[in-house]
Amino acid sequence: MQTQVKFTIFGVFAVLLWSAVLHIVRIVSEDFGPIGGAALVYSYAALFLVAFSGLPKIKNYPKRYILIGGTLFVCYELCLSLSLGFANSRTQSAQVLIVNYLWPLFTIIGTLLSKQANAKPMLLVPGSLLAFIGVCLVVSGDLSYLFNGVLANVVSNPLAFFLAFSGAIIWAIYCNLTKSMANGENAISLFFIFTACTLWLKWYLLDAGFASGFSFSSVFLLALAGGGMALGYGLWNKAIIGGNMILLAAISYFTPVFSGVFAALILGVNLQQGFWLGVISVTIGSLLCWQSTRLKDQQPNSVQSVLDNTE
């Protein structure tokens with residue numbers, strides 16, 4: 001029991017790390033530019049992951065897992081990091097991050113479409129509506145002019161919101177496909193290397209350069225972002241081995257709440273009431289959708305199949 005508690009605590013720390021570190025990625029993007037900052041963060045994270053878990057053993061990974069899983073992973077990480085970097089402001093970066101947290105809903109919809117699970121419509125339908133309404137509240141920032149607020153904010157920066165929304169869909173596809181392709185292997189270190197290389201290639205081809213020079217504070221935040229991202233993955237991998245899967249699943253769906261708190265603390269932004277109402281709505285909606293698939297005749301490892309790929 002003590003061992004299970006320890007591994008569960010690892011999972012809690014992983015969720016908290018992910019909730020905080022992405023806001024630091026935003027600050028790194030301000031220091032080094034959207035593309036250069038993301039390339040540096042993923043390079044540091046790849047180095048930390050290799051140091052943490054060793055060099056990836058490519059010959060052990062199924063080819064389909066490397067090709068399809070790697071492509072989906074890289075595309076998701078590009079969408080996530082660049083949506084934060086291209087946001088017009090720190091407040092908008094907090095908003096696009098919540099849009100990205102639609103991935104649990106899309107993951108569940110994917111499992112239903114692929115007939116990997118069944119669902120209770122009485123929970124799934126209101127849960128889905130709550131999640132979407134919550135995102136609209138977050139983006140608009142005000143309940144009084146919900147539709148106009150969403151439209152105005154998205155039109156002001158369609159690229160950032162498109163990347164965040166696309167990332168949510170891509171990660172849901174990754175979660176539904178990679179379990180069957182991985183054959184029990186974990187190629188996260190290799191995928192981070194792929195992501196870093198792709199970003200550096202994009203940085204070179206676009207001649208993006210860096211937004212500012214290297215300073216002690218900027219390098220410190222860069223190392224903090226890369227190390228935090230790598231540590232989050234390392235702790236999560238340990239958590240899903242011996243932790244309480246049901247508790248970890250529930251905690252992971254509160255990530256938008258943690259993200260909002262860290263946005264206020266790290267980015268120093270004043271988040272309006274509409275933002276917090278939206279965050280709560282997204283969280284409750286995701287939990288209802290998750291609960292709708294937890295039928296009595298399902299095996300415990302059905303929970304793990306989604307958790308193995310959580311970020």
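Which residues does Ala131 touch, not counting residues up to four places away in sequence? I looked these up: Leu102, Leu105, Ser281, Val282 and Gly285. Contact here means heavy atoms within 4.5 Å.

**Ground rules**

I am working with a predicted model, in which local features need pLDDT of at least 70 and side-chain atom pairs count only at pLDDT 80 or more, while totals for chains, interfaces and linings use all residues. Residues are numbered from 1 along each chain as its sequence is written, and side-chain values use heavy atoms, with hydrogens and water left out.

I checked the confidence next. pLDDT is the predictor's confidence in each residue, from 0 to 100. The protein averages 85. I also noted that 91% of the residues score at least 70. Residues 296-304 stay under 50. For that stretch the model has 7 contacts beyond four places in sequence.

I found it in helix α6 (residues 121-140). Helices are DSSP runs of H or I with at least four residues, numbered from the N terminus. Is Ala131 buried or exposed? Ala131 counts as buried, because its relative accessibility is 1%. The cut-offs are these: buried is under 20% relative accessible area, exposed is over 50%, and partly exposed is in between (1.4 Å probe, protein chains only). I also looked at Cys289, which is 158 residues from Ala131 in sequence. In space, their C-alpha atoms are 9.2 Å apart.

Thr107 came next. It is in helix α5 (residues 103-113). Thr107 is buried, with a relative accessible area of 1%. Ile170 is 63 residues away from Thr107 in sequence, yet the two are 9.4 Å apart, C-alpha to C-alpha.

**Helix α1 and what meets it**

I followed α1 from end to end. It covers residues 2-32. Its 31 residues reach 44 Å from first C-alpha to last, close to the 45 Å expected at 1.5 Å a residue. The expected span is 1.5 Å times one less than the number of residues. After α1 comes Gly33, with a positive phi near 95 degrees.

Val12 sits in α1. It is partly exposed, because its relative accessible area is 27%. Leaving out residues up to four places away in sequence, Val12 touches Leu248 and Ile251.

I then moved to Asn244, in the loop between α10 and α11. Asn244 is partly exposed, at 28% relative accessibility. Beyond its neighbours within four places in sequence, Asn244 is in contact with Gln4 and Thr8. Gly11 is 233 residues from Asn244 in sequence, but 9.2 Å away in space, C-alpha to C-alpha.

**Helix α12**

How far apart are the end C-alpha atoms of α12? They are 17 Å apart. That agrees with the 18 Å that the 13 residues (255-267) should span at 1.5 Å a residue. The buried residues of α12 are Thr255, Pro256, Ser259, Gly260, Ala263 and Leu267. These residues cover an arc of only 140 degrees around the axis, so they are on the same side of α12. The arc is taken from the directions from the helix axis to the C-beta atoms. I listed what covers them, including α1, α4 (90-100), α11 (245-252) and α13 (273-292). Just after α12, Gly268 takes a positive phi of about 70 degrees.

Ser93 lies in α4. Ser93 is buried, at a relative accessible area of 1%. Apart from neighbours within four places in sequence, Ser93 is in contact with Arg26, Leu84, Ala87 and Leu267.

**Ser218**

Ser218 is in helix α10 (residues 216-242). Ser218 counts as buried, at 2% relative accessibility. A polar atom of its side chain lies 2.9 Å from the backbone nitrogen of Ser215.

**The core**

Last entry. Nonpolar side chains tend to be buried together in soluble globular proteins. Here I found a largest nonpolar core of 91 residues. Such a core is a set of buried Ala, Val, Leu, Ile, Met, Phe, Trp, Tyr and Cys residues joined through side-chain atoms within 4.5 Å. Leu22, Phe192, Met229 and Tyr233 have the most contacts inside it. Helix α8 (residues 158-182) gives the most to this core, with 12 residues.

Conventions. Helices (H or I, at least four residues) and strands (E, at least two) are DSSP runs, numbered from the N terminus. A polar contact is a pair of N or O atoms within 3.5 Å; within protein, one must be able to donate a hydrogen and the other to accept it, and residues adjacent in sequence count only if both atoms are side-chain atoms.
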